[in-house]
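This report takes up aromatic pairing, a pocket, and selected residues. The structure comes first, then the findings.

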Amino acid sequence: MGLPGHRRPHPHVRRVNAAGHADALRYGYAVPVRVTDGADDERLMREALVEARTARDRDEVPVGAVVVLDGVVVGRGCNQPIHEVDPTAHAEIVALRAAARTLGNYRLAGATIYVTVEPCLMCAGAMVHARIGSLVYGAPEPKTGAVRSAMQVLDAPSLNHHVEVASGVLEQECRELIQAFFAQRRLG
């Protein structure tokens, strides 16, 4: 399931078999895996990092997201539940809402969402409902990550839509941003 111009597997992409499915099976079926050379993913993750820094500057947890369709950013979002007094105002939700408004459709089929930190259960569910094609995230979230770490909700066979996943894009930069934020909060 390689993309045109595919040169080499990026370190964050799991190995796939000839049919384009993950060698590791979860729930007894092959989980779709996104294969990429990584250059565009890194560029677009940097866009998500800009959003994460905006959240940090507002004293929100620094998570950022961008939604991309056909190489164009159609939605951006940063964490803002405190600023908006809205528990659902996670970066992913804000970016999905912006993309839906931009496109005039709540279905975002074929779009890719780039997120600096592994999404939570709510955000992963929203991606399924929006019919996001691919998720690319930076750092894992061991406590609340619902994609690979604490849960694997996108792999559930009962879902009517499956999202391809790539992780670890600019992982160190994403991790350092969030760790520095929490270290600063503990000091102050």
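A search of the whole structure finds 1 aromatic pair. Phe-181 and Phe-182 form an edge-to-face pair, because their ring centres are 5.2 Å apart and their planes stand at 80°. Rings of Phe, Tyr and Trp (its six-membered ring) pair if their centres lie within 6.5 Å; planes under 30 degrees apart are stacked, over 60 edge-to-face, and the rest tilted.

This is a predicted model: local features need pLDDT of at least 70, side-chain atom pairs count only at pLDDT 80 or more, and totals for chains, interfaces and linings use all residues. Residues are numbered from 1 along each chain as its sequence is written, and side-chain values use heavy atoms, with hydrogens and water left out.

Buried means under 20% relative accessible area, exposed over 50%, and partly exposed in between (1.4 Å probe, protein chains only).

| Residue | Relative accessible area | Class |
|---|---|---|
| Phe-181 | 6% | buried |
| Phe-182 | 32% | partly exposed |
| Glu-51 | 12% | buried |
| Leu-170 | 14% | buried |

Phe-182 also lines the second largest pocket. On a 1 Å grid over the protein atoms alone, a pocket is an open set of points where a 1.4 Å probe fits, with protein on both sides within 12 Å along at least five of seven lines; lining residues have an atom within 4 Å of a point. The second largest pocket holds about 300 Å³ of space. That volume is the space filled by probe spheres set on the points, which are joined across faces, edges and corners.

Which helix gives the most to this lining? Helix α5 (residues 171–187) does, with 5 residues. Other parts of the lining include Val-117, Pro-140, Glu-141 and Lys-143. By class, the lining has 6 nonpolar, 2 polar and 4 charged residues. Ala, Val, Leu, Ile, Met, Phe, Trp, Tyr, Cys and Pro count as nonpolar, Asp, Glu, Lys and Arg as charged, and the others, Gly among them, as polar.

Leu-170 sits in the loop between β7 (164–167) and α5. Its phi is positive, near 50°, though Leu-170 is not glycine. Arg-131, also not a glycine, has a positive phi of about 65°. Arg-131 belongs to the loop between α4 (121–130) and β6 (134–139). Helices (H or I, at least four residues) and strands (E, at least two) are DSSP runs, numbered from the N terminus.

Glu-51 lies in helix α1 (residues 39–57). Beyond neighbours within four places in sequence, Glu-51 has contacts (heavy atoms within 4.5 Å) with residues including Val-63, Val-66, Arg-76 and Cys-78.
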